[in-house]
Amino acid sequence: MTSINSSTLTNTENEFSNLANPIDTVIKILGEPFCRGEKYAIYNSDCITGMNKLPADLVNLTITSPPYNIGKEYETPLPLNQYLNWCGDWIREIHRVTCLDGAFWLNVGYVPVDNIAKAMPLTYLLWDKVPFFLIQELVWNYGAGVATKHSLSPRNEKFLWYVKNKDQYTFNLDEIRDPDVKYPNQKKNGKLRCNTIGKNPSDVWQIAKVTSGANRSSSERTPHPAQFPMDLIDRLVKGFSNPSDLLLDPFMGSGTTAESAIRHNRYVIGFELRNDYCLQIKERLSFVENELTSRLF
Ligand SMILES: C[S@@+](CC[C@H](N)C(=O)[O-])C[C@H]1O[C@@H](n2cnc3c(N)ncnc32)[C@H](O)[C@@H]1O
């Protein structure tokens, strides 16, 4: 497989390409965000409206998890076709704003479909709505979850790895190798068989969900009901983008993508419709920024 560092291609030459900090670029176009820092800008707005105003070929990597249309506190379920068309709308915008060697990691789960499926993988329903090239499906497997009586207890969600150009994309394998190798000293013809920094982490990642509840709440838990685990997003940020890249999460939720991006020296922009979540993101990111600044002194 071709793995090429994104520095081999430049972002499109648009009128903003001379600005050093991409956050300044974005603020120049979209105006003052709900909250900002040196490396981030978060807008309390609809993501399609926001992305519409951005120039093409700006973003290196998008990581996101949309509402799944299953009645969570932050969504009003739509008829399925309407929901899928809406997904097509924001996915096309992500494609447009992604730079030529950029990528898109999409996390999706399952939806019921009347008389057809109890839990249809959203990946099956969205396949023709995505103008990107699909490299691979990653299975995120977790231990805890609801226990069902009439079917197997669900313990996975999918992450789809899309790229704009199938021959030019970032894949920093050494950044995400799994050090848990069974026979690290095994040799063939006098040479170590395994890479000394670890093995390829494979397309199944076992990472605990962010849990809530008395005595079992994860330490990273925020009030948001659908928070990504940091370990998972850290792997995506390190493996599929480079320092100083611009990341995007159009459905920011609790701000996990933004926290990971800032901690790994990337820039990040995002949209979140709900004001209460934006307030939580603001607090979370200013805490992270203060922590990182205090480490410098
Ligand atoms: C699945 S959650 C994202 C959770 C996030 N991955 C995290 O780690 O916290 C989806 C989020 O999208 C937000 N949302 C829904 N429709 C939106 C829209 N049109 N534009 C921006 N945000 C939206 C919801 O309020 C919700 O917080």
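This is a predicted model: local features need pLDDT of at least 70, side-chain atom pairs count only at pLDDT 80 or more; totals for chains, interfaces and linings use all residues.

Colleague: Why does the radius of gyration of the protein agree with a compact globule?
Modeller: With 297 residues, a compact globule would have a radius of gyration near 19 Å, and the protein has 20 Å, so the two agree. The radius is taken over C-alpha atoms, and the globule rule is 2.2 Å times the number of residues to the power 0.38.

Colleague: What does the C-alpha trace span along its principal axes?
Modeller: The trace spans about 60 × 50 × 40 Å.

Colleague: And what share of the residues count as buried?
Modeller: 33% of the 297 residues do. A residue is buried if 20 or more other C-beta atoms, placed from the backbone, lie within 10 Å of its own; it is exposed if there are 12 or fewer, and partly exposed in between.

Colleague: Let's take strand E13. Is it buried on one face or on both faces?
Modeller: Both faces of E13 are covered. Tyr267, Ile269 and Phe271 are buried on one side, and Val268 and Gly270 are buried on the other. The strand covers residues 267–271, and five of its five residues are buried.

Colleague: Which strand pairs with E13 over four bridges in the parallel sense?
Modeller: Strand E2 (residues 40–43) does, and the bridge partner of Ala41 in E13 is Ile269. Strand E12 (residues 246–249) also runs parallel to E13 and is joined to E13 by four bridges. There, Leu247 stands opposite Val268. Two strands count as paired if DSSP finds at least two bridges between them.

Colleague: What do E12, helix H6 and E13 make?
Modeller: They make a right-handed β-α-β unit. Right-handed means that, with the strands pointing away from the viewer, the path from the first strand over the helix to the second runs clockwise.

Colleague: How many residues of H6 are buried?
Modeller: Seven of its eight. Among them are Thr256, Glu259 and Ala261. The cover over the buried residues of H6 includes E2, E12, E13 and helix H7 (275–296).

Colleague: Why does Ala261 count as buried?
Modeller: Because Ala261 has 29 C-beta neighbours inside 10 Å.

Colleague: Which residues is Ala261 in contact with, leaving aside neighbours within four places in sequence?
Modeller: Val237, Leu247, Arg266 and Val268. Contact means that the C-beta atoms, placed from the backbone, lie within 7 Å.

Colleague: Change of topic. Is Leu100 buried or partly exposed?
Modeller: Leu100 is partly exposed, because 16 other C-beta atoms lie within 10 Å. Leu100 is found in strand E4 (residues 98–108). Its C-alpha atom is separated by 8.6 Å from that of Tyr169, 69 residues away along the chain.

Colleague: Last one: which residues are closest to the ligand?
Modeller: Tyr74, Phe251, Gly253, Ser254 and Thr256 are the closest of the 19 residues that surround the ligand. To be near a molecule, a residue needs its C-beta atom, placed from the backbone, within 6 Å of it.

Technical notes. Residues are numbered from 1 along each chain as its sequence is written. Helices (H or I, at least four residues) and strands (E, at least two) are DSSP runs, numbered from the N terminus. Two residues are in contact if their C-beta atoms, placed from the backbone, lie within 7 Å.
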